[in-house]
Amino acid sequence: MQQLRPGLSTWTAPHPEWTPDSGGPEGWEREVRSYAYDAGDRLVLFDPISAPPPVYEQAAGKDVIVLLTCGWHARSARELVERLGATIHSPAGGSEEEQVGKLFDAGDELPGGVVAAGDGLFPGESVLWIPEHGALVAGDVLIHRDDGLKAAPDSWLPEGMTRDQLRALLRPLLELPVELILPTHGDPITVSAHAALESAIGS
């Protein structure tokens with residue numbers, strides 16, 4: 001588990017449903033990423049998978065909140081409900097099976113002071129904002145690879161969506177004072193994050 005800032009940590013774990021066919025330039029890597037945010041009396045976990053022991057240590061005496069960028073990133077969320085009594089929140093708008101726990105809409109303020117900053121790539125996906133750290137948490141709409149932060153590849157776009165429409169969807173995020181970008185696919189960006197976001201949206 002890696003500390004990004006005091007109160008903000010990240011870890012990775014292999015996704016159990018990944019196969020070699022899932023990878024490649026238009027795919028996603030086997031290791032996926034989760035984040036933990038200590039919000040005082042609450043521990044907020046983003047898209048958690050196979051939470052390591054330090055997460056359970058941090059959870060002692062706190063309400064545990066699981067915030068999903070999308071319902072299909074539920075990963076180990078239900079296990080955390082059973083073990084820690086966590087409460088799950090996921091974006092509204094997806095299919096019935098993808099809507100997990102309490103539903104939220106773009107613009108809503110969520111537990112721990114997190115804000116649903118905007119819609120993601122698909123119905124039922126959201127980009128989340130942690131004001132205390134100036135951090136954006138992104139599910140599938142932004143990915144970080146060896147060649148930098150990118151908007152989702154063409155093969156991921158919903159039917160009928162163009163790249164120009166994707167850029168327009170993301171552009172309002174540039175109004176935020178972004179200091180960190182926390183993708184669940186790829187490594188976090190901790191330096192020149194706003195510039196990286198601008199490049200990803202403009203490219």
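**A tour of sheets, a helix and salt bridges**

Select Lys62 to begin: at 22% relative accessibility, this residue counts as partly exposed (buried means under 20% relative accessible area, exposed over 50%, and partly exposed in between, with a 1.4 Å probe and protein chains only). The model is predicted, with local features needing pLDDT of at least 70 and side-chain atom pairs counting only at pLDDT 80 or more, while totals for chains, interfaces and linings use all residues. Residues are numbered from 1 along each chain as its sequence is written, and side-chain values use heavy atoms, leaving out hydrogens and water.

**Stop 1: Lys62 and its partner**

The side chains of Asp38 and Lys62 meet in a salt bridge, at 3.2 Å from N to O (a salt bridge is a side-chain nitrogen of Lys or Arg within 4 Å of a carboxyl oxygen of Asp or Glu). Asp38 belongs to strand 3, whereas Lys62 lies in the loop between helix 1 (53-58) and strand 5 (63-67), so the pair ties together parts that are 24 residues apart in sequence. Helices (H or I, at least four residues) and strands (E, at least two) are DSSP runs, numbered from the N terminus. Asp38 is partly exposed, at 28% relative accessibility.

**Stop 2**

An open sheet is formed by 7 strands in the order 1-2-3-4-5-6-7, with mixed pairing; two strands pair if DSSP finds at least two bridges between them. Strand 1 (2-5) and strand 7 (102-104) are the edge strands, each pairing on one side only. On average, neighbouring strands of this sheet are turned by 25 degrees against each other, direction ignored. For this angle, axes are lines fitted to C-alpha atoms, for helices over the stretch in contact, and angles run from 0 to 180 degrees between N-to-C directions.

Select residues 31-38 and 42-46: these are strand 3 and strand 4, which run antiparallel and are joined by 4 bridges. Tyr35 stands opposite Phe46 of strand 4.

**Stop 3**

Select Arg5 and Glu179. Their closest N and O atoms are 2.6 Å apart, and the two residues form a salt bridge. Arg5 lies in strand 1 and Glu179 in the loop between helix 3 and strand 13, so this pair ties together parts that are 174 residues apart in sequence. Both are partly exposed: Glu179 has a relative accessible area of 41%, and Arg5 one of 24%. In the whole structure, 6 salt bridges are found.

**Stop 2: strand 10**

Move to residues 126-130, strand 9, which pairs with strand 10 in the antiparallel sense over 3 bridges. The two strands form a hairpin with 4 residues between them, and Gly134 in the turn has a positive phi of about 55 degrees. Now select Leu136: Trp129 stands opposite this residue, as does Ile181 in strand 13. Strand 10 and strand 13 run parallel, joined by 4 bridges. Both faces of strand 10 are covered, with Ala135 and Val137 buried on one side and Leu136 and Ala138 on the other.

**Stop 3: helix 4**

Finish at residues 193-202. The buried residues of helix 4 are Ala193, Ala196, Leu197, Ala200 and Ile201. They cover an arc of only 130 degrees around the axis, which puts them on the same side of the helix; the arc is that of the directions from the helix axis to the C-beta atoms. Their cover includes strand 10 (135-138), strand 11 (142-145), strand 12 (148-151), helix 3 (163-170) and strand 13 (180-183), where contact means heavy atoms within 4.5 Å.
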